[in-house]
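Here are my notes on the model you asked about. Keep the structure open beside you as you read.

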Amino acid sequence: MFEGIFTGFQVAFSLEGLVFVFIGALTGTLIGMIPGLGPITAIAVMIPITYGMDPAFAMLLMAGVYYGAAYGGAASSILLNAPGESMSVPTTFDGYPMAKQGKAGKALAIAAIASFVGGTISVVLLTLFAPFLARLALSFGPAEYFALMLMGLMMISSFSEGSTVKALISATLGFMIATIGIDLQTGTRRFTFGNANLLEGIDFLVIALGLFAMAEVSSLIFERRQSGNYTSKLGSLRLNREEVKEMTGPTLRQSLVGFVIGVLPGAGGTIASFLSYITEKRISKKPHEFGKGSIAGLAAPEAANNGASTGSFVPLLSLGIPGSGTTAVMLGALIVLGVQPGPLLMNEHPEIFWGVIASMYIGNVILLILNLPLIPYLSRILKIPRPMLISLIIVFCVIGVYGIGFNTFDLYLLVFFGIIGYFMAYFRFPAAPMLLAFILGDLMEQSLRQALTISNGSLWIFVEKPIAFSLLLISFLTFIVPLIRNWRRKQLTKKLERNG
């Protein structure tokens, strides 16, 4: 292992290696800041550019773009409430409220530091445990994935602002939207209403930008009396001792959680960032602050999604299995470059395997150096006049959505979900459960059906597999414990009233 690391650092610290890591990190950061353009698009564009390059340096460039985009996605989420990638959505929950309170600089600094810590911890773990974790990832089958996603959905009450029923209604809408399109197993059309534009379902970006960015635009337009200059202040970038202490625990914990989830093929940063946010809210001593500008609520998902981005390289480099949509594109890029990823990659091409890992140490430092000085310049977007800012958000959303499939029907859906998002906010229905259910709904359905196909329709498969059974048990406890706690609280209140 140490011989491999030495080989990797020789590649990463060469002049070409440093240049490509820097270009990749800078490009990824800039692309991640633009709503609608994520790392998948950036890496897809890089493939023809890297054709003919040395495979090791080509991978350094694309890896830099990947984790650079994970950093950059925080900027548009915090400043504009416009997440360009699904894993950036939880960042908006507390990052945007902090910007509205005049703490945009502090929010961007917290995001940058949490991202750096998450990326650094996960790359150390990647160096030490890549082969072992690759074998662990293979033990996750359809039953385990279903149980993992069910656990995430059972925690959905964490997103409810006083009403679990509203959170469940919101999640149900998300499940309903996830079923639109052609059934992958039977080929049946579901809820397309004869419209060919719905055959492939609805893209995540349409819903995310509609529920968050366009809903915020609608709120600014219809509620002008509330559109003061509260977002025009950068605020101090300096964190005091109490704030550092508040973000330390969540950042360290969720870096580990994000890395482990990133290792699982197909899980990715989205599930990691949502689960990290839910978990921190559950264990926090101040859960009422979440959604209103909580430091822990901002640091946790940023650390987790960067940890997951690094973790997704474990199955890619060790098994040749993409851990996320972005690494799936990188898998194709490796094949184009004439390299066959898989278990033999470590022995046949150690300069690629260890070079990518070594570049992450450098890349995380470069990203921290890039991001912290850029904060004063990024925050200038808050000083744009409100009408121009609204127009800018709309333009970004339209370009991002239209760029997916060059279909004007998606623009109508964007407006539709923007209206839904506005009324959900008005009637205090949380949008996060709807988006989480939409993201997990399709994966959860496919995992359930695959598991039942394997077991010939027997539900016993979820009990006989230890990992699946453990996750289901946690899901049950997550659902039942809050109910028991609420019941005991009501009984105690009644007892005090009788005694009082």
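1. Start just past the end of helix 18. R428 has a positive phi there, of about 60 degrees. Most residues other than glycine have a negative phi. Bear in mind throughout that this is a predicted model.

2. Now go to the other end of helix 18. N407 caps the N-terminal end. One of the side-chain oxygens of N407 lies 3.0 Å from the backbone nitrogen of F409.

3. How far apart are the end C-alpha atoms of helix 18? They are 28 Å apart. The helix runs over residues 408-426, which is 19 residues. At 1.5 Å a residue it should span 27 Å, so the two values agree.

4. Several residues of helix 18 are buried. The list is F409, D410, L413, L414, F417, G418, G421, Y422 and M424. Note that D410 and the glycines G418 and G421 are on it.

5. Look next at V398, in helix 17 (residues 386-405). V398 counts as partly exposed because its relative accessibility is 31%, and the band for that label runs between 20% and 50%. Leaving out residues up to four places away in sequence, V398 touches L411 and L414. L414 is one of the buried residues of helix 18. V398 and V415 are 17 residues apart in sequence, and their C-alpha atoms are 9.6 Å apart in space.

**The chain as a whole**

6. The secondary structure comes to 21 helices and two strands. The chain has 500 residues, and 55% of them are buried. The accessible surface is about 22100 Å², with 67% of that area belonging to carbon and sulfur atoms.

7. Check the contacts along the sequence. Take those with a separation of 6 or more: 81% of them join residues 24 or more positions apart.

8. Which residues have the most contacts inside the largest nonpolar core? They are I78 and I202, in a core of 87 residues. Helix 9 (residues 204-222) gives the largest share of this core, 12 residues. Apart from it lies another core, of 48 residues, including A63, V263, L331 and I357. In soluble globular proteins, nonpolar side chains tend to be buried together.

9. Stay with I78 for a moment. Setting aside residues up to four places away in sequence, I78 touches T91, G95, Y96, A99, A107, L108, A111 and L298.

**Single places worth a look**

10. Helix 1 (residues 2-12) has buried residues G4, I5, G8, V11 and A12. They cover an arc of only 120 degrees around the axis, so they sit on the same side of helix 1. F2, E3 and F6 are exposed on the other side.

11. Is A82 buried or exposed? A82 is buried, with a relative accessible area of 1%. A82 lies in the loop between helix 4 (55-80) and helix 5 (89-100). M33 is 49 residues from A82 along the chain, yet their C-alpha atoms are separated by 9.5 Å.

12. A147 belongs to helix 7 (residues 142-154). A147 counts as buried, at 0% relative accessibility. Beyond residues up to four places away in sequence, A147 touches A468, L471, L472 and S475. A147 and M444 are 297 residues apart in sequence, but 8.6 Å apart in space, C-alpha to C-alpha.

13. S309 is in helix 12 (residues 295-311). S309 is buried, with a relative accessible area of 2%. Where does the side chain of S309 reach? It reaches the backbone oxygen of N305, at 2.8 Å. Aside from neighbours within four places in sequence, S309 is in contact with Y66, A70 and M87.

14. F191 is not a glycine, yet has a positive phi of about 55 degrees. F191 sits in the loop between strand 2 (189-190) and helix 9. N456 is not a glycine either, and has a positive phi of about 60 degrees. N456 lies in the loop between helix 19 (432-454) and helix 20 (461-464). N456 is exposed, with a relative accessible area of 74%.

Terms used: Residues numbered from 1 in each chain as written. Predicted model: local features only at pLDDT ≥ 70, side-chain atom pairs only at ≥ 80, totals over all residues. Heavy atoms only, no water. Helix = DSSP H or I, 4+ residues; strand = E, 2+ residues; numbered from the N terminus. Expected span 1.5 Å × (residues − 1). Buried < 20%, exposed > 50% of the residue type's maximum accessible area, 1.4 Å probe, protein only. Polar contact = N/O pair within 3.5 Å; in protein donor to acceptor, adjacent residues only side chain to side chain. Contact = heavy atoms within 4.5 Å. Areas by Shrake-Rupley, 256 points an atom, 1.4 Å probe, with all protein chains shown as cover. Core = buried A, V, L, I, M, F, W, Y, C linked by side-chain atoms within 4.5 Å. Arc of directions from axis to C-beta.
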